[in-house]
Structures are given as structure tokens and as C-alpha cells.
Amino acid sequence: MTKLVEWLFGVSVVVAAWALVSFDLLDLSLPQTYREVAWPMPLYLLVSFGCYSLATVGYRVATFNDCDEAAKELQGQIKEAKEDLRKKGLKM
Amino acid sequence: MASRKTLHPNRDSEDKYSILLPTYNERENLPLIVWLLVKYFGESGYNYEVIIIDDGSPDGTLEVAEQLQKIYGEDKILLRPRAKKLGLGTAYIHGIKHATGNFVIIMDADLSHHPKFIPEFIEKQKEGDYDLVSGTRYKGNGGVYGWDLRRKLISRGANFLTQVLLRPGASDLTGSFRLYKKEVLESLVERCVSKGYVFQMEMIVRARQLNYTIGEVPISFVDRVYGESKLGGNEIVSFVKGLITLFATT
Ligand SMILES: Nc1nc2c(ncn2[C@@H]2O[C@H](COP(=O)(O)OP(=O)(O)OP(=O)(O)O)[C@@H](O)[C@H]2O)c(=O)[nH]1
Ligand SMILES: [Mg+2]
């Protein structure tokens, strides 16, 4: 099963459940409040997922490590390497 | 004897690590990366070979590679050049054919991947007998150097989107600093059809699909100091295309 199919499957299940409750497709005579809560649910879900995404990405950008130490270490090693290689007879 | 053991802690291991270094115009970086590889493999004592796959670089990378081979020996430095620039994916395929180790390490030759992490990769691999170990910029002490806010945002955003859509079970999909069991790499390379940038992503997504086990080691990624970037402008376009393709086919 490809990811696309997995997603289509998941979305269909959610849409089916939502339609069942919102439009009372099975004539379960659900209380009116159920339908009122269910009806805008997809929008709420989308908005909260959007917020979650923005917050997560924002947090991860803000906490993305800057490896200054690693860059410094590398600079030192580059110098060391160049000297050593020259001694070993490398012509650059 | 005892002191000799501590000097070369892993010398008796039967494992051998083949490092594939694809190069295109890396005259300045190649000696440095090779020097670092020799240093860290010397210290850790693991058995290794470096396979340099140069695609006819006009800047004379191959000549430098030949000099390095003289300095460090033909058993350690292997040259497997190709006549013209045929791309990264096929460079790996070409390199694997000549690899004699039971493990293969893939890394860029532009010094953005530091050999100091290789002993950590190897320990990680042994720890869980992982089929592949991937370096990750997105976890633990991992990180980047020389990236501005815009690049960080694109990188994190693209990574988040990929995680949501593909749930690949690895945190760094586009990184190309990895250790593979040789037969695992062979079977993956055979299956992967993507080019360039997306190739690395496809490799790890297919690995998960085939139920290979994946270990991760945080790495610091330092942007190339010398030379020019070969993967320019339409990186984002090819990323999105690749993501959609993988979404629909894996
Ligand atoms: N043999 C071979 N090596 C290549 C080719 N294209 C790129 N490389 C090498 O592959 C590695 C990764 O390429 P880079 O140009 O660094 O790509 P990148 O890391 O995405 O981009 P920058 O680091 O920003 O330049 C480097 O060691 C290059 O020299 C190719 O066509 N053939
Ligand atoms: Mg690079």
C-alpha cells in the first residue's frame, strides 16, 4: 500500500464518519447537538493542524543548532592537514 | 601486547569499511577529507579503504587523488574515475562494484561531512546490528553551520512536510552521510530511480519499506568552505517533485 493510498483511505474514513454524524445518514436520530458539533469539525481540525505545524516548524527553526565549535575545529584541522600534507610531498 | 591493543583497539575486527567519495571539482577539499579519514581511521583502528570516484573534473581533482594514492598507499586509496560527469547516483553504483568491505560509507567530499563521526556510526551500527546508520542534522546535538534563517526555515519546513506525508522512520532524509551493510546498499541502489537530490530521500524511504533497520547519529553539517555548489537553483522544485513521486509510489 503506497502512502498515497494510505492517506486516501484515512481521509475517506474520517469523511465518512463526519458525514454519518453531520447528516445522520443512518437515521440514528442523534441529538441535534451532535450534528452541530460535527458539522464544522473538519475546519477545526484543519486549523489546529495548521497551528501545530507552524508552531513545530517555528520551534525547530529557532532551536536549530549552530555548530560554531564544529566549524572552528574544522578550520584548525584544515590548517594542520595542509601542513602535514605539504611535508608528505603533496603539491596543491 | 596489551599496549598494542589499546593503540589499535579495533584492528582485529573482521569488518572492513569502504568509503565512497564521489568528487567533481574538489581539488582543494579532497586532500583534506582524505587526511581526516586517515586520521580518524588510524585512531580507531578499523580496517578501511577510500574509493574516489572522480567524474573527469576539469580542475584536476584526479591528479591530486593520484598524489594522495602515492602518499597513503594503493591499498588504502583506490581510484575509480569515470570519463565524464555522469551524476551522483551512478557514481555510487560504480563505486560499490569496486568496494571490498562488508560495510560501505557514503559521504560528500566537500568537508560538510566530518570523518570524526564515522567511529560513532560504526559503534551505532554494532549496537543494534542496524542495516544502515544515517547521520542526522535534526536530532540531539546535530546541527548546521553557515545557514541563514531562510535556509533553516526551508530545511525544517521541507523536513516536516516529508515526515507528515511519508512517515519514513528517519529524521534526516536528504542528508547523504550514511553507513550501509554492503548487501543492503546494493539492493537499495538497484531499486532507486531518482536523480540527484531526491536519490538520498528515496534510499531511506525504500529502506524503511523493505523493513531494513535504521540507526541515527547526530552530526554537525558545516557548509562547504572551498569550491562551488553543484546543486543549484531548482533544488526546491526537484524536492517537491521527488516528494510527490515517493508519496505516490512507496
Ligand atoms: N563523481 C561525481 N561526483 C559528484 C557529482 N556531482 C556532485 N558530486 C560530488 O558529490 C558530493 C556532493 O555534491 P555537492 O555539490 O556538495 O552537493 P550538495 O552537498 O547538495 O551542495 P553544496 O554542498 O551546497 O555544494 C561532492 O563530493 C561532489 O563533489 C557527479 O556528477 N559525479
Ligand atoms: Mg555539499
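The model is predicted, so I took local features only at pLDDT of at least 70 and side-chain atom pairs only at pLDDT 80 or more, while totals for chains, interfaces and linings use all residues. Residues are numbered from 1 along each chain as its sequence is written, chains are lettered from A in the order in which they are written, and side-chain values use heavy atoms, without hydrogens and water.

Strands. I looked up the partner of β8(B) and found strand β5 (residues 132–136) of chain B, parallel to β8(B) over five bridges; pairing requires at least two DSSP bridges. Strands are DSSP runs of E with at least two residues, and helices are runs of H or I with at least four. Four of the five residues of β8(B) (residues 214–218) are buried, so this strand is largely enclosed by the rest of the structure; buried means under 20% relative accessible area with a 1.4 Å probe, protein chains only.

Pocket. I then recorded about 430 Å³ of space in the second largest pocket. A pocket is an open set of points on a 1 Å grid, with protein on both sides within 12 Å along at least five of seven lines, and lining residues have an atom within 4 Å of a point. The lining has 13 residues, with A:Val11, A:Val14, A:Val15, A:Pro42 and A:Leu45 nearest the centre. Helix α1(A) gives the most to this lining, with seven residues.

Helix. I located A:Val14 in helix α1 (residues 3–22) of chain A.

Methods: Buried < 20%, exposed > 50% of the residue type's maximum accessible area, 1.4 Å probe, protein only. 1 Å grid on protein atoms, 1.4 Å probe; cavity = no way out; pocket = protein on both sides within 12 Å on 5 of 7 lines; lining within 4 Å. Points joined across faces, edges and corners; volume = space filled by probe spheres on them.
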